[in-house]
Amino acid sequence: MIQDIEPYVFKNQFENIKPQNDDNVFVFREKNILLKKENEEISVPKVKDIMAKEDELIYLFAIDDKKYFLYLSDDDKAAELEGYDYEPLRFLRSAKPMELSFAGETAWHLNLWYRDNRFCGRCGHKTLHHTKERAMACPECGNVIYPKIAPAVIVGITDGDRIVITRYKGREYKGIALVAGFCEIGESMEATVRREIMEEVGLKVKNIRYYKSQPWGFDQNILAGYYCELDGDDNITRQEDELSVAEWVSRDELQEQTNIISLTAEMIENFRRNGI
Ligand SMILES: [Zn+2]
């Protein structure tokens with residue numbers, strides 16, 4: 001999956017540090033990321049390439065010893081840079097090297113959070129960057145705003161050698177998917193699993209088991225994957241406004257998932273190869 005970047009090590013401890021010339025910078029404009037493409041590999045600009053004031057760059061994280069900063073700017077001021085192009089964010093899903101794709105989608109998650117918290121939601125005053133932790137602080141009322149991560153579940157519903165496969169309606173992503181949805185306040189993840197299954201495909205399930213999780217910065221999520229088994233009637237009632245397809249597919253009908261970036265793809269491929 002996209003976060004599995006071994007032998008590289010993702011270091012997300014907060015540090016209040018200044019950018020150096022050779023540090024890397026993520027620049028976003030609308031839903032695009034500034035990249036250079038060379039020999040099938042992507043790279044991002046260095047601090048020295050970007051005409052930015054020091055307070056427009058904030059430290060995000062490091063991968064091994066490579067430090068990454070975010071260029072904080074309004075979209076219309078974002079830099080044009082010779083040799084670099086703005087590519088749609090989804091380009092990262094198939095880009096190499098994967099550690100930079102992972103860094104890019106994680107930077108995007110932080111970028112949205114910084115963008116949306118320039119003012120205090122409690123009193124409306126302009127916020128400041130906290131100097132000791134990853135947070136925005138309001139100097140007027142003392143409100144401290146931490147990064148927002150939305151938990152969601154992905155569910156493989158199985159019945160022997162069959163699994164429920166879905167396709168979303170009206171989204172950019174056109175591939176096959178599994179039942180998925182956000183956790184609501186007051187709900188355990190297992191309760192989310194049951195509710196989302198009932199809403200999307202109208203099935204009852206049993207034996208809910210946790211599989212793996214995935215940080216998914218593209219949509220500001222942390223995803224938890226579960227498998228469960230059909231309990232009773234196998235007749236699918238599709239949620240028509242969310243899904244264009246919801247059907248039982250047998251293991252031998254599933255196509256091999258070759259680009260295992262997402263937890264969804266890993267879970268489908270795991271079922272295709274191993275069953276449950
Ligand atoms: Zn405030």
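## Contacts of Val 155

Setting aside neighbours within four places in sequence, Val 155 is in contact with Leu 178, Val 179, Ala 180, Val 193, Glu 196, Ile 197, Tyr 226 and Cys 228. Contact here means that two C-beta atoms, placed from the backbone, lie within 7 Å.

This is a predicted model: local features need pLDDT of at least 70, side-chain atom pairs count only at pLDDT 80 or more, and totals for chains, interfaces and linings use all residues. Residues are numbered from 1 along each chain as its sequence is written.

## The largest nonpolar core

Val 155 also belongs to the largest nonpolar core, which has 54 residues. Phe 26, Val 155 and Ile 157 touch the most other members. At least three residues of this core come from each of domain 1 (10-115) and domain 3 (150-274).

A nonpolar core is a set of buried Ala, Val, Leu, Ile, Met, Phe, Trp, Tyr and Cys residues joined through C-beta atoms within 7 Å. A residue is buried if 20 or more other C-beta atoms lie within 10 Å of its own, exposed if 12 or fewer, and partly exposed in between; C-beta atoms are placed from the backbone. In soluble globular proteins, nonpolar side chains tend to be buried together.

## Domains

The protein is divided into domain 1 (10-115), domain 2 (117-148) and domain 3 (150-274). The bounds come from an automatic or database domain assignment.

The C-alpha centres of domain 1 and domain 3 are 31 Å apart. Their contact takes nine residues from domain 1 and six residues from domain 3. On the domain 1 side, three residues are nonpolar, three polar and three charged. Ala, Val, Leu, Ile, Met, Phe, Trp, Tyr, Cys and Pro count as nonpolar, Asp, Glu, Lys and Arg as charged, and the others, Gly among them, as polar.

## Backbone exceptions

Most residues other than glycine have a negative phi, and most peptide bonds are trans. Asn 39 has a positive phi, near 50°. Glu 40 also has a positive phi, about 65°. Asn 39 lies in the loop between strand E4 (32-38) and strand E5 (41-43), and Glu 40 lies in the loop between E4 and E5. Helices (H or I, at least four residues) and strands (E, at least two) are DSSP runs, numbered from the N terminus. Asn 39 is exposed because it has 5 other C-beta atoms within 10 Å. Glu 40 has 8 such neighbours inside 10 Å, so it counts as exposed.

Two peptide bonds are cis: Glu 6 to Pro 7, with omega near 10°, and Lys 96 to Pro 97, with omega near -5°. Pro 7 is in the segment before strand E1 (10-11). Pro 97 is in the loop between strand E8 (85-88) and helix H1 (98-116).
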